[in-house]
Amino acid sequence: MEMFQPDFMQRAFLAAVLVGVTAPSIGIYLVQRRQALMGDGIGHVALTGVGLGFLFQANPMWTAVLVCVLGAVVMELVRARGNQRGDIALAMLFYGGMAGGKLLVSMSSQSGAGSLESYLWGSILFVSPGDLVVIGLLAAVVIAVTVGLRRQLFAVCQDEEFARVTGLPVRVLNLLLAVMAAVTVTVAMRVVGLLLVSALMVVPVAAAQQLTRSFAATQATAIGVGVVTALLGVGTSYQVDLPSGPTIVFLAILTFALFSAIAAPLARRRHRASTEHGPAVCDVVLPGPAHAGTATATATATATATATATAEDSSGGPGTAGGPAAVLEGTGPVRAPAGATIDAPLSGESLSSRGLAQ
């Protein structure tokens, strides 16, 4: 209990909780759209914002927010254009951000290895009351967006074309997601550090995916892993006198290894349970020729998936009953009388934008 007495440790633990919730909340969308390293690139750009704060003697967190948002918008616009030379432009943006940050820090009167080190790797000693207020405000914005727009953001990350057809503002949502990633980098840089912030966005999500089978469960588990590892990392950092960022990330990687070891026997157990029950079969009797008053055509369809109330797919995505994650549930034989209209798609006809084969 001694480590909870100093004021700086109380601020560090509060910041760790906010970072542990915020980073996986936005990271799950980046993982879904295969942009796991986006946070790393924004972290490089954020160094220029830190340098501007040092140069103009302002709070580096606010200047980092502005620079990160601009960098994230540029990254999203380059990605949306699909230019073949886009990777070169992004590389120049990342390396220019690091170089500019170092030059600005060297030109400022606050330059020093200790000051810059705390932003690169994180430090529990440098979380000031003002920093904690900024972290709390920015974290509240990120959590409100990622939870309040969970269905819309998932639809965009899963299938942009389907989201566009349904009328969602895809461009606006993509830009909003990029801006929230930039804000998250600023939130986490004091505790985790700019060079490791991307790890806290990705590793808890990857760990949660080993055990969960839906988007909501993955998001909740990832947030839990993020909070626990952040708190343990800060406490270990205080006890052993280590930088907080590498300690938190190392604990998150250990958690991923543990979950991976647990996932294998769970998968075997689920497989045995599914083979014991067997697939569900749906029999549909189609109307045949009008002779002898009987129907002679019979079609049999097998449904191998069960639909949940929220229609979440195996990759972890919420949807509506007719959305991209909808599946057909077969619980037993279903027979239609002769002459009845059969609306169910057969022979692999699409059930949704992605389709569900027979």
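Me: Is C157 buried or exposed?
Reply: This is a predicted model, in which local features need pLDDT of at least 70 and side-chain atom pairs count only at pLDDT 80 or more, while totals for chains, interfaces and linings use all residues. Residues are numbered from 1 along each chain as its sequence is written, and side-chain values use heavy atoms, with hydrogens and water left out. Buried stands for under 20% relative accessible area, exposed for over 50% and partly exposed for what lies in between (1.4 Å probe, protein chains only). C157 has a relative accessible area of 9%, so this residue is buried.

Me: How many disulfides does the structure hold?
Reply: A disulfide is a covalent bond between the sulfur atoms of two cysteines. Here the criterion is a pair of cysteine sulfur atoms within 2.5 Å. C68 is buried, with a relative accessible area of 0%. The number of disulfides in the structure is 0.

Me: How many salt bridges does a search of the whole structure find?
Reply: To count as a salt bridge, a side-chain nitrogen of Lys or Arg must lie within 4 Å of a carboxyl oxygen of Asp or Glu. One of the pairs is D131 with R190, at 3.1 Å from N to O. The number found in the whole structure is 3.

Me: Which residue meets E160 in a salt bridge?
Reply: E160 belongs to helix α8 (residues 160–165), and its partner is in the loop between α1 (7–32) and α2 (38–55), 127 residues apart. Helices (H or I, at least four residues) and strands (E, at least two) are DSSP runs, numbered from the N terminus. The N to O distance is 3.3 Å, and the partner is R33.

Me: How many residues apart are D131 and R190?
Reply: The side chains of D131 and R190 meet in a salt bridge. D131 sits in helix α6 (residues 129–148), and R190 in the loop between α9 (170–188) and α10 (197–209). Both residues are buried. The pair links distant parts of the chain, and the separation is 59 residues.

Me: Why are E161 and R164 separated by about one helical turn?
Reply: E161 and R164 form a salt bridge, with their closest N and O atoms 3.3 Å apart. E161 is exposed at 51% relative accessibility, and R164 is partly exposed at 43%. The separation is about one helical turn because, within helix α8, the two residues are apart by 3 residues.

Me: At what angle do α6 and α7 pack?
Reply: Axes are lines fitted to C-alpha atoms, for helices over the stretch in contact, and angles run from 0 to 180 degrees between N-to-C directions. V145, T146, V147 and G148 in α6 meet R150, Q152 and L153 in α7, where contact means heavy atoms within 4.5 Å. The axes of α6 and α7 (residues 150–158) are 5 Å apart, and the angle is about 70°.

Me: Which residues does A155 touch, not counting those up to four places away in sequence?
Reply: A155 is in helix α7. This residue is buried, with a relative accessible area of 13%. Its C-alpha atom is separated from that of V170, 15 residues apart along the chain, by 9.3 Å. The residues that A155 touches are E160, A163 and L168.
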